Amino acid sequence: MLSAADHTSLSQRAAASIRHPLARALLVLTFTTGLVDAASYLGIGHVFTANMTGNIVLLGFGIAGAGGLPVLAPLVSLTAFLVGAGLGGVLASRLSARHPRHVASTLAIETVLVAIAAVLSAAIHIRPSTVSGDVVIALLALAMGVRNATVRKIAVPDLTTTVLTMTLTGLAADAPLFGGSGKGSTRRTAAVVAMLTGAIVGALLLKTSLTLPLAAAAALALATWLVYIPVARRGLDSASDG
């Protein structure tokens, strides 16, 4: 069982080095954000399923009738994300003291939901502004909502996995060029590079099929589960033995 102090210690250790298993797991998930948002924005129709700030802006543009942007798709994404975040909050309240089980449950949910979206995209021709498109959007946003609530509870600085605004702010504000210490620059830069690389890979995979970036995102979530959870369990066992 993890106390509040244990939680703080875990997040601090993960923040101290990107070589920490938790930091690495969060960076992999940050990469998958690029894959998922590339699939939803470029492949399904100008909607984000991980970056909700972008969705709010796109929804505003759509309501204003600017650029022919959709209104329903961002609403579907936002609603599903909020439901997912709510479910993630329930998981956090029940399992946060058991870190490996908490993260394992979250990754299991993400893997299943994204995998279902990949299977649907392989079986059905997904097009913007259709029921099938909205279902895939909802599945992805639901998964991202659950993950965000979990990552928020873990609270490793600058590794939120889905947004980079504050990460970029910290990178610039603490830069030696502007008189800062440069502390945390490696972690922040790694997060930016991970999401950027994921977006590039997602856009390239999308040229072949919508299924490919979604299948890759599901596979990476599963791989993170299989690699990180045993390490987390061993680490907590070692800490309790000590």
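A cavity is a set of grid points where a 1.4 Å probe fits but cannot get out, and its lining residues have an atom within 4 Å of a point. The exercises below use a predicted model.

**Exercise 1. Describe the largest cavity and its lining.**

Step 1. Count. The structure holds one cavity of 30 Å³ or more.

Step 2. Give the volume. The largest cavity takes up about 80 Å³.

Step 3. List the lining. It consists of L22, A25, L26, L29, V103, T106, L107, R147, T150, V151, I154 and Y228.

Step 4. Sort by class. Nine lining residues are nonpolar, two are polar and one is charged.

Step 5. Assign to helices. At least two lining residues come from each of helix 2, helix 5 (99-123) and helix 6.

**Exercise 2. Work out how helix 2 runs relative to helix 6.**

Step 1. Take the geometry. The axes of helix 2 (residues 21-45) and helix 6 come within 11 Å and cross at roughly 155°.

Step 2. Apply the cut-off. Angles over 145 degrees count as roughly antiparallel, so helix 2 is roughly antiparallel to helix 6.

Step 3. The crossing of helix 2 with helix 6 is left-handed.

Step 4. Find the contacts. Helix 2 contributes L22, L26, L29, T32, T33, V36 and I44. These meet G133, V136, I137, L140, M144, R147, V151 and I154 in helix 6.

Step 5. Sort them. The contact has eleven nonpolar residues, three polar and one charged.

**Exercise 3. Describe the packing of helix 4 with helix 6.**

Step 1. Helix 4 (residues 72-95) and helix 6 (residues 131-154) pack at about 35°, their axes 6 Å apart.

Step 2. Their crossing is right-handed.

Step 3. The contact comprises 17 nonpolar, six polar and two charged residues.

Methods. Residues numbered from 1 in each chain as written. Predicted model: local features only at pLDDT ≥ 70, side-chain atom pairs only at ≥ 80, totals over all residues. Heavy atoms only, no water. Axes fitted to C-alpha atoms, helices over the stretch in contact; angles between N-to-C directions. Helix = DSSP H or I, 4+ residues; strand = E, 2+ residues; numbered from the N terminus. Left-handed = near helix turned anticlockwise from the far one by under 90°. Nonpolar A, V, L, I, M, F, W, Y, C, P; charged D, E, K, R; others polar. Parallel < 35°, antiparallel > 145°, perpendicular 65-115°, else oblique. Contact = heavy atoms within 4.5 Å. 1 Å grid on protein atoms, 1.4 Å probe; cavity = no way out; pocket = protein on both sides within 12 Å on 5 of 7 lines; lining within 4 Å. Points joined across faces, edges and corners; volume = space filled by probe spheres on them.
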